[in-house]
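Biologist: I am new to this structure and would like to go through it step by step. Please show it first.

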Amino acid sequence: MIRFQQNARPRTDTPSHQFAIGQTVRMKSRTGLVQKTAELFQIKSRLPVKDGSPQYRIRSEQETHERVTTEDNIEPADNTV
């Protein structure tokens, strides 16, 4: 039996997505790790939050597959390093 809480307020602590569908992003560099490529990815879709970080389905023009990543792993492509 499923019970619903009466007068329950909607959750407002869920993080919102920072990036838009179609936006170009790149993977963040990690300290101590050298990036093989400064490959650019396009946001294909927004996915649900996982472990407190919004997720995205991304794709590179150089690859034939899509990837899933969390927002804390990507940054806007127009950021200067």
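Modeller: Helices and strands here are DSSP runs, a helix having at least four residues and a strand at least two, numbered from the N terminus. The model is a predicted one.

Biologist: Which pattern does the protein follow along the sequence?

Modeller: The protein has zero helices. Its strands number five. Read along the sequence, the pattern is therefore β-β-β-β-β.

Biologist: How many bridges join strand 2 to strand 3?

Modeller: Strand 2 covers residues 40–50, and strand 3 covers residues 53–59. They form a hairpin with two residues between them, and D51 in that turn has a positive phi of about 55°.

Biologist: Which residue is the bridge partner of R57 in strand 4?

Modeller: Strand 4, residues 66–70, pairs with strand 3 in the antiparallel sense over five bridges. A hairpin of six residues joins the two strands. Within strand 4, the partner of R57 is V68.

Biologist: How many of the seven residues of strand 3 are buried?

Modeller: Buried means under 20% relative accessible area. In the protein, 27% of the 81 residues are buried. Strand 3 is mostly covered, and its count of buried residues is five.

Biologist: What share of the accessible surface belongs to carbon and sulfur atoms?

Modeller: The accessible surface of the protein comes to about 6700 Å². The share from carbon and sulfur atoms is 47%.

Notes. Residues numbered from 1 in each chain as written. Predicted model: local features only at pLDDT ≥ 70, side-chain atom pairs only at ≥ 80, totals over all residues. Heavy atoms only, no water. Buried < 20%, exposed > 50% of the residue type's maximum accessible area, 1.4 Å probe, protein only. Pairing = 2+ DSSP bridges. Areas by Shrake-Rupley, 256 points an atom, 1.4 Å probe, with all protein chains shown as cover.
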